[in-house]
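Here are my notes on this one, as numbered points. Have the coordinates open while you read.

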Amino acid sequence: MPKRFQNYIDGRWVDAISGKTFENRNPANWDEVIGTFPLSSKEEVDQAVKAARRAFESWRLVPAPKRGDIMKKAGDILTARKEEIAKQMTREMGKVLLETRGDVQEGIDTAYYGASEARRLFGHTVPSELPNKFNMAMRVPIGVAAIITPWNFPMAIPTWKIFPALVCGNTVVFKPASDTPATATTLVEILLEAGVPPGVINIAHGSGREVGNRLVEHPDVDLVSFTGSTMVGKRISEVASNTLKRVSLELGGKNAQIVMDDANLDLALEGVLWGAFGTTGQRCTATSRLIVHEKVYDKFVSMVVDHAKKLRLGDGLKDNVDVGPCINEGQRKTVDEYVQIGKGEGAKVLAGGKMAVGDGLAKGWFYEPTVLGDVTPQMRVAREEIFGPVLSVIKIKSLEEAIAVSNNTTYGLSSSIYTQDINNAYIAIRDIKAGITYVNSPTIGAEAHMPFGGVKETGNGHREGGWTVYEFYTEWKAVYVDYSGKLQRAQIDNAE
Ligand code: UN1
């Protein structure tokens, strides 16, 4: 019998009110059921929001450093359980063990960063324009945060959102992706073990249409943090505007790695393989385009193709595997559709280009690591997010053209340039329109204590990670303390 998981609402582990469940299966072996999960409805969301609202009144009064101590403890538990969680995550969503360990590590880093930020949460003191008066601006908690997360970083992304939300004194209703509900449940268990009080964290499993939508429209939810597609992000933004919620959106990407004629090609090769095919290309930061200078194009593209063909597909729990499956049937289909669209537009399939079959692959959603050559910037495979193991290669003649091509997308999350010329590097840093630019490293690999997010249709201006996310989860309160003992009128009593 597969394990039966539950929601955690108002301090209790419970089934869906309807009793309905959904299954979660291993994408590398669809015969393997990870567990069954409650298929929640609006009622569960309403209960969770009510509990979170009630809990907010006491949680906001817990000193921030004490809340930080709980995050520290959560980090310690994650550290102790790292290997076990990584294995569960690989079974649940397919990426290789090396990467799921990294995913847990990102959660650990986020926990320890949060614990330290809890002792800062700096405000400002500002001189008053009047005598015997003290001005300060301080951060205050906001209320109930709805946290809606994707499946590609089942531990890291929820921690990016939930830890700072809690450190800042907000309470949480968590709606994880239906493809990774087990890892999400583990995170909630860890937070409870670390000392998060009942009601402060709630988890409701189910569909975006039902659970996610209700959270976004709910009048008593103050904050929504969402990572996912641009299409869904726009819809969330629209719905949330009816109740004037603060919304943080982390959306799609079409990230490019530029390789200049002076680049160290061996280094650039390692970078592009890791960036394009790590997590089976299913990162919002994945390298989806490779922009190569014409002088090294033939040489570098053949290096990439040779190595892409050698990548070993399989169950990510096995040692000799480089690339896991796509997350589900729909995603693999989308990948294949894009490859067909690319071919139709005139791109050449240089490696991969089809669903992978063979030993140990028959029951998983595997797709061969794919390199598309002769891609032009106008093609859909050069502009649209694919979210799979597909790399579109574009030839350019100059740095200026490389940057223009890199910018030729509605997205702006991550970017990369390989060059040994410091002038090229700084021009790229200045002119690439993206939230993140790497020099001589791939488009993936953001660190937990740096701002994470993008421009254009990648987001709505907020950042996750680092000190920046603490802006999102707090509100500023301006405080004036007049100790003059008389009425002092700003703008009037200090006039000449
Ligand atoms: C994502 O794909 O949504 O920089 C997050 C990276 C990881 C985070 C990716 N640290 O690729």
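1. Start with K161: its side chain and that of S225 are joined by a polar contact of 3.0 Å, and a second one, also given as 3.0 Å, goes to the side chain of E464. A polar contact here is a pair of N or O atoms within 3.5 Å; within protein, one must be able to donate a hydrogen and the other to accept it, and residues adjacent in sequence count only if both atoms are side-chain atoms. K161 sits in helix α5 and is buried, with a relative accessible area of 0%. Buried means under 20% relative accessible area, exposed over 50%, partly exposed in between (1.4 Å probe, protein chains only). Leaving out residues up to four places away in sequence, K161 touches I147, I148, T149, S225, F226, T227, E464 and Y473; contact means heavy atoms within 4.5 Å.

2. A word on the basis: this is a predicted model, where local features need pLDDT of at least 70 and side-chain atom pairs count only at pLDDT 80 or more, while totals for chains, interfaces and linings use all residues. Residues are numbered from 1 along each chain as its sequence is written, and side-chain values use heavy atoms, with hydrogens and water left out.

3. Staying in α5, A156 is another residue of that helix, and at 0% relative accessibility A156 is buried too. Its contacts, again not counting residues up to four places away in sequence, are D103, E106 and G107. Helices (H or I, at least four residues) and strands (E, at least two) are DSSP runs, numbered from the N terminus.

4. How do α2 and α5 sit relative to each other? The axes of α2 (residues 64–80) and α5 (residues 156–167) come within 8 Å and cross at roughly 150 degrees, and the two helices are therefore roughly antiparallel (over 145 degrees). Axes are lines fitted to C-alpha atoms, for helices over the stretch in contact, and angles run from 0 to 180 degrees between N-to-C directions. On the α2 side A64, R67, M71, A74 and L78 meet F163, L166 and V167 of α5.

5. At the helix start, a side-chain oxygen of N264 comes to within 3.2 Å of the backbone nitrogen of D266; after the helix comes T279, with a positive phi near 55 degrees. Buried residues of α9 include L265, L269, V272 and F277, and the buried set packs against β13, β14, α10, β16, β17 and β18.

6. Two strands pair if DSSP finds at least two bridges between them; β4 and β5 (residues 29–38) are antiparallel over 6 bridges, with E23 partnered by T36.

7. β6 joins β7 (residues 133–141) through 4 bridges, and the bridge partner of P127 in β7 is F134.

Methods. Parallel < 35°, antiparallel > 145°, perpendicular 65-115°, else oblique.
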